[in-house]
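This briefing is intended to be read alongside the sequence and the three-dimensional structure.

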Amino acid sequence: MNHEGVFLVVETQLSHFGLSPLVAARKLGLRSVFVTRDPGRYAGPRGSIGPGDLADHVVRADTRDTAAVVAAAHSTADMGEVRGMCTFTDYSVGVVAEAAGELGLAGLSPDAAHRARNKLGTRRACAEAGVPAPLFAWTATEEAAVAEAGNIGYPCVVKPATEAGSIGVRLCRDADEVREHFRALASDERDFRGQVKPVGALVEEYLVGYEVSVESVLVDGRRRTLGVVDKVLGAHPHFVELGQSFPSTLPASVTRDASEIAEAALDAIGHDFGAAHVELKVTTTGPKLVEINARPAGADITRLIAEATGVDLPLQVVRMHAGLPADVTPVRNRAAASRCVTAGATGTVHAVRGVELARRVADGIEVELEAAVGDEVRCPTSNMDVIGRIVAVGTHAAETVRLADAALGQIQVEVLP
C-alpha cells in the first residue's frame with residue numbers, strides 16, 4: 001500500500017535494529033529522510049548497510065536542537081508532505097517529541113519524553129506515584145555521592161542520568177569505588193552522542209535479583225502489553241546485556257506483577273503515545289523499576305517479538321508516528337532467543353572459531369559477527385561492546401533458550417594483547 005509523503009527518522013541506534021524504522025517507512029511507501037548530526041557515526045564494516053544507504057535523502061543537522069530538527073523537516077518540502085517523524089534512540093527522544101509537536105505530527109508528549117530520557121526525572125515521578133523502585137539520590141559532588149552511598153548502603157549503583165545502553169552504570173562496593181566512578185563520570189561533560197550531561201550522578205540502591213523487560217504500545221488510547229522478555233546480564237561491576245528471550249518462561253504471577261508495575265511507571269511519567277521498553281529487576285519483594293525507554297526495545301528484542309508473534313513492532317510504531325492505524329495483535333505463538341558474542345579480553349582479534357558449529361546446533365540458528373580478524377575489541381563494559389549475536393527460533397520457549405546457549409558455546413573469539 002502506498003501512503004506517499006515523507007517520514008523523518010532522527011538519529012537511530014548503531015545496530016541492525018537501527019535500520020528498522022527506515023525499512024518500515026519504505027514498506028509503507030513513504031519517502032524516508034534520515035536526519036543526523038554525523039553521518040560518519042553510522043559507518044560500519046566494509047560492505048555493511050547503514051541508515052544513509054536505506055534513506056531516500058540524508059539531512060545533516062544538529063539533532064541536539066529542536067529548532068534544527070524542525071528546520072530539517074521544512075527543508076524536505078520539495079519531497080512531499082511530512083507525514084511523521086520518530087527516533088529509535090533514547091538520546092533523541094526529547095527533541096523529536098518537541099519537534100513533532102511544533103510540526104503538528106503524532107508523537108509522545110515532550111514532558112513524558114524528557115521524564116523518560118532523564119533517569120532522575122523518571123525516579124522522581126515514580127517515587128511520587130508510589131511505583132516500586134530502588135532508593136535513590138541525585139548527587140552533584142564526589143563527597144555528596146559518598147555520603148548518599150553510605151545512607152543507601154553498599155553495594156550501590158552509580159550512574160549518569162542521561163546515557164543509554166548501560167554506559168557509565170557501575171556497581172560500587174565501597175566509598176573508594178564511588179569516588180573513582182564519580183570522577184570518571186564527571187571527567188566528560190558530554191554523553192555518548194555529544195550532548196551536554198547534567199552535572200552529577202545518580203546513586204541508587206542495588207536491586208538484587210534478575211532482570212526482565214516489559215514491551216508495550218499505547219494504541220488508540222489503550223496500552224497493549226506484548227509480553228515480558230527474560231534478559232541475561234554479564235558479571236559486575238558492569239551491567240552489560242548479553243541475551244534475551246521471548247516469551248518469558250517465568251511464572252504467570254511474576255510476569256503479571258512486572259507488567260502491572262511497568263504500566264504504573266509509564267502512567268507516572270505521563271507516557272501517552274507509542275512504544276515503551278520498561279526494564280525491571282525481580283527481587284525477593286517483587287519486581288521493581290530499573291528504567292523507562294520511550295521507544296521500541298533495542299538489541300534483538302523487536303526481532304524476537306516478530307519471530308514469536310508475527311508482530312512487526314517497528315512497522316507498527318512507524319505507522320503510528322505517520323498518523324496511520326496500528327495493529328499489534330499476535331498472529332502466531334512461537335519462541336525466540338538471542339545471545340551476544342563478546343570478547344573475553346581487550347586487544348586484537350586473532351581468530352574466530354566455531355561459527356559453523358553454532359549454526360549446526362539447530363535449523364534456523366543465525367550467527368552475525370560484527371568483529372573480524374584484525375579488529376580491536378575489549379572486555380565489555382556496556383552494550384556498545386557486543387561484537388556479535390546469535391538468534392534461535394523454535395516452538396517452545398525453554399528449548400529455544402537452550403539452543404541459543406548451546407550455539408553461543410560453540411564460538412571462540414581469540415584475542416591477542
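Strand β15, residues 347-353, pairs with β19 in the antiparallel sense over five bridges. The model is a predicted one. Strand β15 also pairs with β17, again in the antiparallel sense, here over two bridges. The three strands form an open sheet in the order β17-β15-β19.

**The three-stranded sheet**

- On the β17 side, T348 is bridged to E376 of β17.
- The edges of the sheet are taken by β17 (376-377) and β19 (412-416).
- Each of these edge strands has a single partner strand, so one side of each is left without a neighbour in the sheet.
- As a general point, the strands of a sheet are paired through backbone hydrogen bonds, in either a parallel or an antiparallel arrangement.
- In a regular strand, side chains alternate between the two faces of the sheet.

**Lysine 119**

- K119 lies in helix α6, which covers residues 119-129.
- Is K119 buried or exposed? The relative accessible area of K119 is 11%, and the cut-off for a buried residue is under 20%, so K119 counts as buried.
- Apart from neighbours within four places in sequence, K119 is in contact with K159, P160, A161, E163, L202 and E291.

**Overall fold**

- The protein chain contains 13 helices and 19 strands.
- Its radius of gyration is 21 Å, which agrees with the value near 22 Å that a compact globule of 417 residues would have.
- Along the principal axes, the C-alpha trace of the protein chain spans about 60 × 50 × 45 Å.
- Of the contacts between residues at least 6 apart in sequence, 69% join residues at least 24 apart.

- Buried residues account for 55% of the 417 residues in the protein chain.
- The protein chain exposes about 17700 Å², and carbon and sulfur atoms supply 49% of that area.

Terms used
Residues numbered from 1 in each chain as written. Predicted model: local features only at pLDDT ≥ 70, side-chain atom pairs only at ≥ 80, totals over all residues. Heavy atoms only, no water. Helix = DSSP H or I, 4+ residues; strand = E, 2+ residues; numbered from the N terminus. Rg over C-alpha atoms; globule rule 2.2 N^0.38 Å. Buried < 20%, exposed > 50% of the residue type's maximum accessible area, 1.4 Å probe, protein only. Contact = heavy atoms within 4.5 Å. Areas by Shrake-Rupley, 256 points an atom, 1.4 Å probe, with all protein chains shown as cover. Pairing = 2+ DSSP bridges.
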